[in-house]
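The structure comes before the discussion.

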Amino acid sequence: MSTGWLIGSAVIAVIVAPLIGGLLRGIDRKLTAHMQGRIGPPIIQPFYDIIKLFGKKPMVAGGAQLAFAYAFIALIVTAVVFFALRQDLLVVLFILFFGSLCLPIGALSVKSPYSQFGGHRELLQFLAYEPILLLAAIPIALKTGGFPIANIFEHGQPLLPDLWITFIALLIVLAIVMRKSPFDISGSEHAHQELVRGVVTEYSGPYLALIELGHWYEMVLLLSILGLFWVVGGLWWLSIIIALGSWFIMLFVDNINARLTWSWMLKFAWGAGVSLVALNILFINLGWM
Amino acid sequence: MIDSLVGLAILFPIITGLIWLLIENHKARSGVIYVTAAVLIISSIFFLRQGSLPIEYSPPPRWEWVILVANYAILAFFIFAAVKDIVQRGVSRHNILTIALTVAAGIPLAVFEFAQAPHTPLEVAPTLYIDHLSVIMCLIISIIGSLICIYAIRYMRDHEEHRIHLGELKVTTQPRFFFFMLIFLGAMNGLVFSNSLIWLAFFWEVTTLACWGLIRHDEEPQHIDNAFRALWMCLIGSVGFGLAIVLLWNSPLNTISLAEVVSNGALASPFLLLPFALLCLAGFTKAAQLPVQSWLLGAMVAPTPVSALLHSSTMVNAGVYLVLRIAPGFQGTNLSTLIAIYGGAVFLFTAIIAISQSEGKRVLAYSTIGNLGLIILCAGINTPLSIAVGIMLLIFHAISKGLLFLCAGAIEHHIWSRNIEDMEGIARKLPILTGITIAAMLSMLVAPFGVLITKWGAMEAASGIGAWSTLVLVLLMLGSGATTVFWAKWIGRFLCQSPMPGRAKREPLIPLYHGILLILIAFAVVFSILIAPVYNSVIAPSLTEAGYNAALAFSTGTGFLKSPVGIFAAWPIFIIITLALLIPTLTTRAKPEESRSSYMCGENVELGVDEFVAVADERTELKTGGFYIENTLGEGNLNRFVVPTGIVLLVILFVLAVI
């Protein structure tokens, strides 16, 4: 892969990722509405929303809030760029984590009970999914001989047959990062709950738009990581099917579950998620997979 | 040349420490600190510039006698101090154990020196062995340690003024304080240069003594108790040290030269396993690993520069230094595997307990114990890559943790509290100090800083080295997640504030506080950017000297850090992330008319007033707090499980060493 091609793909990724992310959000809302017997908004409603938000008057409720809204999106876009440049997967994840951390820190920098509440819960969500995601990089590296994402493309074989256990664990991560039930503990779609809007309660107007945009990038990046499980060979388009399929499972699970407690989430993630990846690593180390 | 350099690094601070006890004039005494700092820093850089590392050097034989006598004098002093404590304050667990363990540590040493050694004192050739690892340690001790001593000039002045104001203190006790601080630096330099295990054991005891003297400095009952606890817990390690010396002398190798023992290796000579396990025990106790972590937490009662010194450049570093030093000796054994698991367990448990801590310094202490656990984990994985990562973490941790403690001390002297809850919103009152502190926390936490680079390296090193590495990886990843939580929520407390009318005012700059902090944060940044050259110039040579193949650790094309399985584009990441953070931080300022009160369901009083309207229009204060999950993750709950786990792991360690 030439350097020019890689840089080109990074530029395309930065431009296209939010379009895909916004579209998926729109389809999400439409499908969810249908599952609940409603008609729902038009599919491109998220774009209308974000454009409107950018046009609103900025309002600030705490000193450091703004900086962290910008840092949130800037770092996640950086992670997307490093992903497109096919860098070390662990490095991509570390940059993504730093970005994700900006959201709770921004929420904690406002003296607001709801925002603090959401920030604390966001940190617990982070505690739940970060180890799974980091650990998931290990079996991939063991199979492809190294952590650079480029290795996966040079590997020549799809990863899913050997790493399906890890893949299942990553679906848990996807549910937490997409803030879908039963893992939507840090903020809910519906403002009239004990959380109000949790971690984003104190963000409004253009800053809320930045965060929404960051979430789109974050979701597309995570779906791309899932797509890596079948990215080579003649059936490369399967990676898109896999990514979209995982996304659809999230919608479905979201609609049949209620929000659960943080301690349940942590136990489930550390128990089921981490054990699954650990088992996969163990099997690879023992030569069984 | 070399003898004078060794003399400057070891003896000079000890002599200036003694001078502190004698002279009275405050200005002259501060001058002594500056001179000592300058001499130590310059001599440590000279060591690095020495073209001919490693250096073997044996001081004249009369020094053997000095060491011999001084060693027993220190042990006798421990007993004297404990007996004095019994007389003054009655029998307690701490002073009885101190006496018992001092005797237990003295016996094997005396048996060896007076009964078994062919002549007393026994000379070992070479007595001192100075390689790149020693020089890295010497640089950490001399540069960071000296900066901490300079900071302490101001800190101790404020500290004593405050105590005099409270009526706790009448006459200054600073001479004793700086005496211990300075001999600490000298003893640490001696420790990292020693090749003779007798010399190493002696300097080991001097650091224990200095640590005891510094913890009990304020002489409240709690301080004295905690000092004795630190003393006896570290003496467990000294017992191990003494036994290791006897075992090594009576083994077929018949030597107490550390370099010779390590180069033989336990894989070829299995009888070395038990001595190695005993030396590791000594290292673990010094580094406050499980189950003796409580001594380092108790040491938090001491003035903050003491904590900074213990955690960054001395004491606990001696423990991990010893483990890294002997790691090549147990490469490839089951002992090594278990050490990796043990380090991982310490890393995870301390990170979880740290979430529950509401006292800032205790969070820092748990973070230290965890990071040392991570270094021990790296030593246990025992590949060239992991050892390189361990040494890097030692360097970066020393910088960041020294800095964090000094920040905590400076904040404490503004708000007179160590509780994180009292730090709510201090970013407004102390913007520069808080800014440096947050930067220091980020340097422990996120890419692109050095500590994160070492986490990345440790993860890559731990992947794919056998089925057991699965467990190590799980401990490492979970610990890494928990670490993030306790730092992030602390940063959140600093920043938590409502918009207030008017601009925030910058706090007055105090040269000895802000100046030292800025130097250290500059170190953290510069070393992170220049990690590739730093690796090439000092870490790769120390790997080669220890017998590892440095080509299997990192390669450093174009300033990137390449492990055999991955790549960290250190400086590009640094530039991108710094721009992503700094540009918004420096350019976005909310205009006053954009400020709003936080959402309180419309019941706010007015902007800039942290109150809301409750029942019958009563104005009620709006309060927020941090989260600690004390019930679930608190010490009371977890220590019941964590301490036995530590003991069990150590028992397994010795079982593995014996069979």
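## Helix pair and overall fold

H7(A) and H10(A) are roughly antiparallel to each other, therefore their angle counts as over 145 degrees. This is a predicted model: local features need pLDDT of at least 70, side-chain atom pairs count only at pLDDT 80 or more, and totals for chains, interfaces and linings use all residues. Residues are numbered from 1 along each chain as its sequence is written, with chains lettered from A and ligands numbered from 1 in the order in which they are written.

The two helices pack at an angle of about 150 degrees, with axes 7 Å apart. Axes are lines fitted to C-alpha atoms over the stretch in contact, and angles run from 0 to 180 degrees between N-to-C directions. Helices are DSSP runs (H or I, at least four residues), numbered from the N terminus.

| Helix | Residues | Contact residues |
|---|---|---|
| H7(A) | 160-177 | Leu163(A), Ile165(A), Thr166(A), Ile168(A), Ala169(A), Ile172(A), Ile176(A) |
| H10(A) | 262-285 | Ala269(A), Ala272(A), Gly273(A), Leu276(A), Val277(A), Leu279(A), Asn280(A) |

Contact means C-beta atoms, placed from the backbone, within 7 Å. The residues of this contact divide into 11 nonpolar, 3 polar and no charged. Ala, Val, Leu, Ile, Met, Phe, Trp, Tyr, Cys and Pro count as nonpolar, Asp, Glu, Lys and Arg as charged, and the others, Gly among them, as polar.

Chain A has 10 helices and 0 strands. Its C-alpha atoms fill a box of roughly 55 × 45 × 40 Å along the principal axes. Among contacts between residues at least 6 apart in sequence, 74% join residues at least 24 apart.

Key
Parallel < 35°, antiparallel > 145°, perpendicular 65-115°, else oblique. Contact = placed C-beta atoms within 7 Å.
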